[in-house]
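Trainee: I would like to take a close look at a single part of this model, and I would be grateful for one connected account of it.

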Amino acid sequence: MERRARWATAIVAAIVGCSDPSPSAPATPSWSAAFDARELGWLLNVWGPSGDDLYAVGGDRDSALVMRFDGRAWSRVALGLASPRLHWIYGFGRDDLTAVGDAGAVLHWDGRAWTRQATPTDAPLWGVWGAAPNDLWAVGGAGDANAPPVMLHWDGAAWAAAEFPTLTRAGVSAFFKVWGTGADNVYVVGQRGVVLHRSGGAWREEFVGVSGDLVSVWGTDADHVLAVGGRGNALVARWDGRAWTARSLDLYPGLNGVWMRTPDAAHVVGVNGTALRLDLATLAPTEEASGTPLDLHAVFGDAAGRLTAVGGSLGNANGPFNGVAVTRPMTSTE
Amino acid sequence: MSFLHSLRRWGPAGLALAAACSDPAPEPTIATGIFAAMGDVRPNATPEQRETFARGLAVARRRFTPEMGLGPTYNVSSCTDCHERPVAGGGGARYRNFLLTGQTLPDQSFTPTGVNGVLDQYSLATGRTPTPARTNLAATRNPIPFFGVGLLAEVSDAEILSRADPDDRDHDGVSGRPNYDRGYVGRFGRKAQTVSIEGFIRGPIFNHLGVTTNPLPDALKARLPVPSAADLAHTRQAIAGLAGERQTSQAQVAAPDEPTTDDDGVPDPEMSEQDLFDLVSYAMLTAAPSPDAPTAQTAAGRATFDRVGCAACHAPALRGPRGLIPAYSDLLLHDMGAALADGVPMKLATGSEFRTQPLWGVAATGPYLHDGRADTLDEAITLHGGEAQGARDRYVALSEAERAGVLAFLASLGGGAQATEGLLAPDAPAPSPGAWGGPLSALTGEAAARFERGRRLFDRDFGYGQGLGPSFNGDSCRACHFDPVLGGAGPRGVDVTRQGIFDALTETFSAPAMGTMAHRFGALDARPAVDAMANVFELRQTPPTLGLGLIESIPASAIVARADPDDADGDGVRGRARYLPDGRLGRFGWKANVPTVREFVRDAMTNEMGVTVPAVAGESFGALADDDRARDPELSATQLDELSAFVAALAPPPRTHGDVTLESQGEALFARVGCAACHAPSLPGGDGQPVPLYSDLLLHDVAAPGALGVVDGPAGAREFRTPPLWGIARTAPYMHDGRADTVEAAIAAHDGEAGASVRAVTALDARDREALVAFLRSL
C-alpha cells in the first residue's frame with residue numbers, strides 16, 4: 001500500500017507540474033526535471049565520462065536522439081549522420097564514445113565527429129560496455145523467437161560476431177545489457193533471465209534463479225553485482241562473490257536500469273516512474289518519488305555527484321515518443 | 001433479501017469485513033444491480049454500456065480466419081470457443097483444454113515455451129505445431145469462466161490483502177498470499193497472475209488465436225466501465241457515485257503496454273482498438289451469476305461449508321465499491337499440495353499454488369479444478385490438498401446428507417438453472433422437422449422422445465468417469481459437430497490431426513504402428529505422443545452429420561455405378577469406390593472408410609472420444625475395451641442405439657434461395673464446367689426419391705501433384721471422398737483440412753481430377769462466377 005500511495009503522489013505531482021518531494025521522505029534529495037524531454041523522443045540511456053560531459057541517447061521510431069550536458073545545460077547533439085534510434089552509450093573519456101541502437105547501429109565519437117561503424121548484424125543492439133578501447137562488447141537481438149540473440153566484440157579495428165555457448169535456457173532471442181569489472185569478468189543479461197559470465201577467456205551460462213527478463217546489470221567490483229528486470233513484477237538478482245540471490249520486489253513493476261557507486265547500495269529505475277535505492281545486502285528497496293509516471297529506463301551518477309534517470313512513454317513501440325529526464329544530487333553515502 | 005441476510009450473518013467473513021473498515025460506517029451489504037443470468041449484462045449497466053456489451057459479445061463470438069489475422073499458430077478461432085459453458089463468458093469443457101509448456105532449469109527458474117507459455121495445437125503452415133525444443137514441462141489448463149470479473153477488478157488491493165496470512169500466523173494451516181502484477185495485487189487467471197482485464201484479454205487473444213492488438217489508448221481506457229486510466233482525477237470522478245467506498249484500486253491501469261505482433265502477413269494490429277475496447281467492456285460488464293434463494297438444505301449446507309473450513313479460502317464476499325461481492329473467493333494464492341501441483345510458476349505463484357477459484361455459478365461451469373480433472377463438485381472437493389487438506393478431510397468425514405447439503409449450497413450460488421450436461425440449454429426445443437438440426441420428418445410420441453434423448457446424448461460432455469479417454473479429441477459429439485447447429489460441421493480449432501511417415505527416397509507412405517490418429521488430449525500434463533518417425537501431419541475438418549441417414553439409404557449399386565476408376569470415358573474424372581475388407585462399400589468419412597451410420601458413431605466414439613462401445617453382431621469399428629478407469633463398454637447398447645438413431649434421423653440442411661434466377665444460371669454452369677461430374681446433384685435414396693447431396697460418394701484425386709497427405713488403406717494420400725455440398729453456405733471452412741474459408745477459395749483449391757473444372761471456372765466471367773457461387777450457397 002505504500003507503493004500505491006507513492007505513485008498516486010507522483011501522478012498528482014505530474015499533473016500539477018510540481019516535483020517537490022513528499023514531506024515523508026526528507027532524507028533523500030528530491031528528483032526534478034533535468035530538462036524538458038517531452039517532445040524530443042524516448043531517452044534510453046544516460047552516461048558520461050565526467051560531470052560536465054554527460055550524454056543521454058534515445059530517439060523515436062526511426063531516428064536517433066543524442067542530448068549532451070556540458071555542466072550547465074543540456075542541448076541536442078547534431079550527429080551529422082543519419083542513425084536509427086540509439087539504446088545505450090559507453091566510452092573511455094571525452095573522445096571515445098560508443099553508442100549502439102536499432103538495426104545493428106554502432107556510432108562512434110572520436111572527439112571530432114560521429115561515424116557509423118560496420119557491424120555484422122541488423123538486429124537491434126541494446127547494450128554496450130567495454131574493459132578497454134579495444135575490448136568492447138555489444139549485445140542485442142530482435143526478441144523474436146525465430147532469431148538468436150546477438151553478441152558482438154570490438155577489437156579496436158572491427159566489430160565481429162562473438163561466440164558464446166549454446167544456451168540451455170530455451171527461447172532466448174535477445175541479450176539486453178553487458179557490464180563487467182575487467183576483460184575477464186563480464187556479465188551479459190537478457191531475455192527470460194539468461195545470464196552469461198565471461199571468465200577464463202570464455203563465456204558460461206549461469207542460472208540465477210530468475211524466470212523473467214533481466215534488462216540491466218551493474219556493479220562495483222567482482223563481488224557486488226546486481227541484475228534487474230522483470231516485466232510484470234520487479235526482479236533483482238545479486239551476485240555477492242559466492243552465489244546469486246534472486247528476489248521479486250512484489251510492490252513494484254518491472255525494472256529497467258541499475259547503477260552503483262558504492263558496493264552497499266544500487267540505484268534502480270523502472271516502469272511507471274519507479275525509482276528505488278536498493279540495499280545490496282538485504283535487497284530491500286527504499287522508494288523515491290521520481291516525479292514522473294512515465295517509464296524510466298536508465299540511471300547514472302556522474303562524477304559531479306548528480307544522479308540522472310531517463311526514460312519515456314516506452315511501452316508501445318508505435319509511440320508516442322515522449323521522453324523524460326530527471327535528476328537529483330547524490331549524498332556522500334550513496 | 002433472505003439470501004443477503006444469511007450471508008451477512010457469516011461469522012468469519014463478517015469479522016474480517018468489519019476489521020477492514022476503520023470507521024463506524026454501516027455494515028456493508030451485498031452490492032445491488034450486479035446479479036443476472038450467466039452471460040447477461042449487469043443490470044446496473046447504463047444504456048450506453050449495454051450497447052457496448054452487445055458489441056463486445058459480437059467480438060467475442062467473431063470467428064477469425066487467417067485473412068482476419070488468425071495464426072500463424074492457434075488453438076481456437078474465437079473467444080467463445082473456450083468461454084462457452086454454459087453460455088458465452090463461461091468456462092469450457094475438456095475439449096477446450098490446452099497445455100502450458102515450458103522449461104524448468106537447474107536453478108528452478110522456469111522459461112515458458114510456445115506462445116508465451118501456451119502450446120498452440122495448430123499451425124497454418126504445418127498443420128500440427130511441434131512441441132517447442134527443450135520443453136520439459138507441460139501443464140493442462142481448463143478454460144476459466146469470467147462472469148463478474150469487472151466486479152472483482154473493482155475490489156481494492158487492500159481488501160484482498162486484508163485476508164492474506166502468508167506466514168500462517170493464526171496457525172490454522174491456511175495461509176494465502178497475494179500474487180502481484182506490475183505492482184498491484186493480481187486477481188485473474190488460475191494463479192492470479194494478471195491484474196488488468198485488458199491484459200487478461202489481450203494475452204489469450206494473442207496466445208490462443210494469434211490475433212494481435214495494440215494496448216488501449218488512454219482515451220479509450222478512460223471510458224471503460226472499470227476505471228482504467230492513469231488519471232487520478234478521472235478515477236476519482238468515476239467512483240464519486242459509489243457510496244461507502246473511500247478508495248478504489250487503480251489496478252486496471254497496470255495493463256501491458258506493449259503491442260502484440262506476429263508475422264502471418266496480416267497487418268498488425270489484427271483487432272481494432274474499438275473492437276478491443278468493446279471486448280474489454282463486455283467482460284467488465286458481465287453480471288455476477290444470480291444466486292438462488294436459500295432453502296433449508298442449502299442453508300444447512302452453507303453452515304457446513306463454513307464449519308469444515310471451506311470459507312477460509314472461499315471467502316463468501318469481498319468488499320467492493322458497490323458493496324459486498326459474493327464471489328466466494330479470497331483471490332489469494334494457496335498451496336494446493338503435490339497432487340494438484342502443475343510445476344508452473346507465474347509471477348510470485350509457485351508450481352503448487354493456485355488462486356482460490358470463485359464459486360459463483362460453479363454448478364454450471366464444470367469440469368473442475370485448474371486442469372478440469374474433476375467431473376463433479378464432490379470429486380473436486382475430495383481432490384483438494386495442501387492448505388485445503390484439513391477442510392477436505394472434514395468434508396469427506398461428513399455424512400452423506402451433510403455432503404449433499406454442501407453440494408446443494410454450491411449449486412445455489414448461481415447458474416443452476418442454466419446447467420446442462422453439454423451446451424444445449426435445459427429447455428432448448430428440438431429444431432423443426434426439415435430445419436437445420438431437426439429430424440427428417442415430424443416425430444411424435446416415443447419417436448420424438450427418442451430423438452430428444454439422442455440429441456441430448458450427442459450434446460453431453462463425457463467425463464472421465466463416464467469413459468472419456470484415455471486419449472481423445474473431443475469429449476462429446478457436439479464438441480466437433482456444432483456448426484451451425486448440433487450435428488453440423490466444426491470450425492478450426494476442433495480439427496483432427498492425422499499423422500504419417502513419408503519416405504522421400506521411395507516416395508512411399510506408411511502408417512505409424514500406433515495408427516494415423518494424432519490425438520490432441522491424453523493424460524493430464526502431457527501431450528499425447530506421435531510416432532517419432534511421423535513427418536506428415538494432416539488436419540481433417542469436421543464434416544457435418546446432417547442427412548447421414550439419407551446417405552445411408554442410397555443403394556451401394558447406385559454409388560458404384562458412377563465409378564470409373566480407369567477413366568474409361570476419357571473425361572479425366574475417375575472416381576473409385578472404396579470397399580472395406582469385408583466387402584462392404586465405404587461411404588462416410590473423408591476417405592470413405594465407414595459403411596454405416598452406426599459404425600460411423602462407433603468409430604467416432606472410440607477414435608475421437610476414447611469411449612468404448614458394446615459388441616454388436618455384424619458391426620465393426622470402435623474399441624470394445626480400453627484401459628481407463630471406466631468400466632467397458634462405456635457406451636451402453638441403448639445409448640448407441642439412440643445416438644445412432646438420432647444421427648440417422650437428422651435432416652439434411654434445407655435449401656435457401658436468394659436470387660432464384662441467378663442460382664438457376666449457376667446450377668447450369670455447375671454442370672457445364674464439370675463440377676457435377678463428382679458432385680453429383682443427387683443419388684437415389686432407399687425409397688427411390690432423389691437424395692440431393694451433391695456428391696457421388698466416390699474417391700477422387702483432387703490434390704495438387706506432389707501434395708503430401710495421409711494414406712488410409714486403399715484411399716491414396718491425394719484421394720478424398722467427394723464431400724456433399726448441401727449446407728455449404730454455413731459450414732465453412734472447406735476442403736479436408738479447412739484451408740479454404742470461402743466457396744471461391746474452395747473451388748480454387750481443387751486440383752488433380754478437378755483441375756479441368758477449376759480452369760473452366762477461372763475462365764468464367766465475373767457474373768458467371770457470381771451465379772455459380774450463388775447457386776452453391778443456396779444448397
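Among contacts in chain B between residues at least 6 apart in sequence, what percentage join residues at least 24 apart? Please describe chain B around that answer, including its side towards chain A.

Mentor: Bearing in mind that this is a predicted model, the figure is 70%, counted among the contacts in chain B whose residues are at least 6 apart in sequence, and these join residues at least 24 apart. The chain that makes these contacts has 23 helices and 22 strands, and its radius of gyration of 28 Å is close to the 28 Å that the globule rule gives for 779 residues, so chain B is as compact as a globular protein of that length. Taken along the principal axes, the box that the C-alpha atoms of chain B fill is roughly 95 × 60 × 55 Å, and 58% of the 779 residues of chain B count as buried.

Turning to the side that touches the other chain, 29 residues of chain B are in contact with 30 residues of chain A. The elements of chain B that give two or more residues to this side are strand S4 (110-112), helix H6 (157-161) and strand S9 (180-181). Sorted by class, the side of chain B that touches chain A has 14 nonpolar residues, together with 8 charged and 7 polar ones.

Terms used:
Residues are numbered from 1 along each chain as its sequence is written. Chains are lettered from A and ligands numbered from 1 in the order in which they are written. This is a predicted model: local features need pLDDT of at least 70, side-chain atom pairs count only at pLDDT 80 or more; totals for chains, interfaces and linings use all residues. Two residues are in contact if their C-beta atoms, placed from the backbone, lie within 7 Å. Helices (H or I, at least four residues) and strands (E, at least two) are DSSP runs, numbered from the N terminus. Ala, Val, Leu, Ile, Met, Phe, Trp, Tyr, Cys and Pro count as nonpolar, Asp, Glu, Lys and Arg as charged, and the others, Gly among them, as polar. The radius of gyration is taken over C-alpha atoms; the globule rule is 2.2 Å times the number of residues to the power 0.38. A residue is buried if 20 or more other C-beta atoms lie within 10 Å of its own, exposed if 12 or fewer, and partly exposed in between; C-beta atoms are placed from the backbone.
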